[in-house]
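Reader: I have a protein model open and would like to learn how to read it. Could you walk me through a few features?

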Amino acid sequence: MGRITARPILAPARPIVFNFVLYRFVSLALSLVAASVVIFVVIEVVPGDPAAFMLGLNAQPDTVAALRDQLGLNAPPLERYFQWIAGLAQGQFGISYTYKVPVAELVADRIWISLPLAIYALGLSILIAFPVGIVAAARRNSAADVSIMGATQLGVAVPNFWFAMLLVLGFSITLRWFSAGGFPGWQAGFLEAMKALTLPAIALALPQASILARVMRSSLLDTLAEDYVRSARAKGLTRGQALWRHALRNALIPVLTIIGLQFSFLLAGAIIIENVFFLPGLGRLVFQGITQRDLIVVKSVVMLLVVAVIAVTFLVDLAYAIADPRLRQHR
Amino acid sequence: MTVSIKALAIAGFAALAVAVSPAFAQRTDINVGMVLEPPNLDPTAGAAAAVDEVVYANVFEGLTRFDPSGAVIPGLAESWEISADGLAYTFHLHSGVKFHDGSAMDAEDVKFSLDRARAEDSVNAQKALFADIASVDVVDPQTVKITLSRQNGNFLFNMAWGDAVVVAPETAANNATNPVGTGPFTFVEWVQGDHVEIAKNPDYWGTPVRLDSAIFKFIDDPTAAFAAMMAGDVDAFPNFPAPETLPQLGADPRFSVIVGSTEGETILAINNVKAPLDNVLVREAIAHAINRQEIIDGAMFGYGTPIGTHFAPHNPAYIDLTSTSAYDPEKSKALLAEAGYASGLTLRLALPPPTYARRGGEIIAAQLRAVGIETEIANVEWAQWLEQVFTGKDFDLTIVSHTEPMDIGIYARDDYYFQYKSDAFKKIIEDLNTTTDPEGRTALLQDAERKIADDFVNGYLFQLAKTGVANAKIHGMWENSPTQANDLTAVYWDE
Amino acid sequence: MIEAEPVARSIELWRTALRTRSFIGGAALTAIFVIAALVSFVWTPFDVTTLTIADRLQGLSGVHWFGTDHFGRDIFSMVMVGARTSIAVAIVAVGIGMALGVPLGLAAAARRGSLADEFIMRGNDLVFAFPALLIAILITAVFGPGAVNAIIAIGIFNIPVFARLTRGAALSLWTREFVLSARVAGKGAIRISVEHILPNILNLLIVQGTIQFSLGILAEAALAYVGLGARPPLPSWGKMLADAQTMIGFAPHMALIPGFAIVLTVLGLNLMGDGLRDILDPRIRRSRT
């Protein structure tokens, strides 16, 4: 699902002007305001009263009213919006309706699963994609290239939750090497914790690695076709030498962009995988928040994820501008 | 604080002992699997059953409590007297009862807990349990007198609910994250999203428990629950979420499968005031279109007992009325024709998340289609179900399991979501409330059972089974589920 | 980066396409599922709305080619009807994305650097910034699950993809000579966009459309898997996988078969899209020769 957000590869970088940073900063702020409004409005119209949900079938109307008061749900929407924003600005996300602890605390707990999982998955995907992509580019049209490209096509086509089910079937139910899910907590030891994250990381990494390998390959092929690489080869370098000495470094720019985007996707988009392996991460926190109508958790965490994605995009753009001065003048 | 350090020391010592002689040591820890994680650990402020499944009888206790058979037995109150008019209850509390923070539990705490639950700003999900209390008076530190505003034959039963536990004024506000009760286990830690750990309370006032520690692990995925059982990650799963895998687990000598009963009458609830469902012929047609055994087999893989009315089969007053609404599609079609719907009709079917509803709903939809009733299935979350179906009464059909014990009285409430309105039925319930002799009560209950079956108020499907799996060496788990609890106070390991 | 190509050349390109291996393979795979979906309207081996509980969880056999599910339904028939659901949802969702995204992209390119351009592109960034699945879940929480809401949820995230792509491609065309001469001839921005820009980026849109189509199928499967797709009794591949999950230990065919259906369809569409891209992307063609 998250993969539909992948930017079309053919889209050119946006025009970048000299007061680039300031300009991007203002638009960043505006984006955040717009995002907060959208999130707030969507949450407002979600049917289902959190108080009624928490109190269940036998609740009396006055009890529900008392709880709504206690949760601060009776204030007018505009007031609640500004309270929420003011809280966010001070790092106060509010108190979770169901867990009765500050949302910030919940997030702080959960991020130590989502973040390591994202890093683990990204690490795996880079570890697979780089060598595979380089080999495919270096031996273009060879049997290796063709089979690698075929495999990555398959990797992109496999739904990650289905792949996760197959991993559970194979490694948990049949071989019993890994537990089928859950997270023992970091206090159980680093290796134990990493073991619990291994199957989810593999499930997440496979499609990402396939995408990355393809980007790596095509980016390398593009740079190999550039004039300066051609002239290097004309001076007697072999294709392999040219690739290592000249092409690789320059080919990394689009690859890094994809990695940046993938990271924010992995952080926010692991929701299904977190559910398959019932990892108590951020995505699952929001998913449960939606079904339990813990709306304060939902809006604050979604906002946080949006901020993270916007920030990463901003940093990637910035890194682009710094890494490639041509882009700043290029029109 | 000293308490927990002592508990830790004992637990540590026990662990050491296990390490020294693993072959002979009796295990004194247990990992219990639960499907849902409790949203918090305060049983007095919310309806989530998962809270009680962790803390009921283990961490918190009330004046009375349920035993495994559902009978009400003494809890913190060792005895009580009821005045001749049935309005005054005098409870004598056990002496030497301490909260986990070391403070003594006395009549003041009982008064505080009950007054808090029935206060105006109370957020107790079962506030109705306390509705008849007129006053709570402290007679002396070991004695508390509760005066009712009217007779209530269920009062001792009501006080056994998890929502009526005794809490301390100093710690009540923090029970959501750090529960402090009087029970035989103390709260140790809650790793959110994964587990809650409790440990033996060395200062417990009653019979000490045989386990030193227990961990409740939350696994809401049926596949993972199965895998966790097979891998030994959990030792017991009292409400196992995947009945389809039970035969496989039962065939494994390491495990015992415990199939018991619950208080959950699973029904196809019908909106009795909405046309055409206000026509009893249509409701009867729906009842005869339902093949209960097919639903039990297809949705619950055979676990469940068919019911013909809103009453638990394990209750002595139960009568089998399934023949009143026997599966008979031809009769169903004839009834529809008689009601003027020979060409069929279309109804909405709202399905909340549990498997019995989602799978059962697909089967019922197919069965209804066979007699000419089309259904539009809408899968809803609980929050939405509460708002739209339960409170808003905007539905035609829905499937839900009514898990409260002895809840046939809901049919006497005009505004209850299925909106059955019968003066005759209300009369039966009124009589029941004022009748005290057991035989008279049984007769009235059976009248009530018959009345709603004959009026085809709802489609009565099956009594939800409690399907549990445990390591074969574990003993003392509850077989049935008179209330939602994982009472570990009597649990121990073989050898 | 995109060469402006006279419209007439695209016919020749399609001819090349039919000689490309990956395109042929992909198109064949896709065709199998499209045909299955179409045939399911008039015929399936068994009725997918009739449950035969007694026949549940059968393995592969001569009667039930792909076995039966936990309700005794014929999985082969369900895969056929599921193809219909997946394809319909994905096509309409991509259609929404194109119908709204392409005009937005054209407008942004025509008024490059203007406030409107800025507004459209920032709006795009904003949609990109939202965790797609979470928003889809929220949308279905608001409107209830169902095929239409799944389409809307997927469609929304397709809009910026097409808007961005269109703007990028259109921008480079606006500097080209044939557009400049059209401007000199006094044609307005809308006319130029429709008459000169759009026909020249059509190939590009078709390629991207194929890719988005396959992503749409994956997205529909994911939504249905978490219970937010088409309503029962309409079968959908994602829902079949969700149903299969608890039974994977003793009825793995229930999970394997719909999974393979998804993989093969997506693979087919991707191969087709890649084949098209190879043919249409001038850089690759240049380096091939």
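Reader: How many residues of chain A are in contact with chain B?

Author: Two residues are in contact if their C-beta atoms, placed from the backbone, lie within 7 Å. Here, 38 residues of chain A are in contact with 38 residues of chain B. The side of chain A that touches chain B divides into 18 nonpolar, 14 polar and six charged residues; Ala, Val, Leu, Ile, Met, Phe, Trp, Tyr, Cys and Pro count as nonpolar, Asp, Glu, Lys and Arg as charged, and the others, Gly among them, as polar. This is a predicted model: local features need pLDDT of at least 70, side-chain atom pairs count only at pLDDT 80 or more, and totals for chains, interfaces and linings use all residues. Residues are numbered from 1 along each chain as its sequence is written, while chains are lettered from A and ligands numbered from 1 in the order in which they are written.

Reader: And what does the contact between chain C and chain A take from each?

Author: Chain C gives 49 residues and chain A gives 43 residues. On the chain C side, α8(C) contributes the most, with 10 residues; helices (H or I, at least four residues) are DSSP runs, numbered from the N terminus. That side has 37 nonpolar, nine polar and three charged residues.

Reader: How are α2(C) and α3(C) oriented to each other?

Author: Axes are lines fitted to C-alpha atoms, for helices over the stretch in contact, and angles run from 0 to 180 degrees between N-to-C directions. The two helices pack at an angle of about 105°, with their axes 7 Å apart. α2(C) and α3(C) are therefore roughly perpendicular, the word for 65 to 115 degrees. Their contact has nine nonpolar, one polar and one charged residues.

Key. Parallel < 35°, antiparallel > 145°, perpendicular 65-115°, else oblique.
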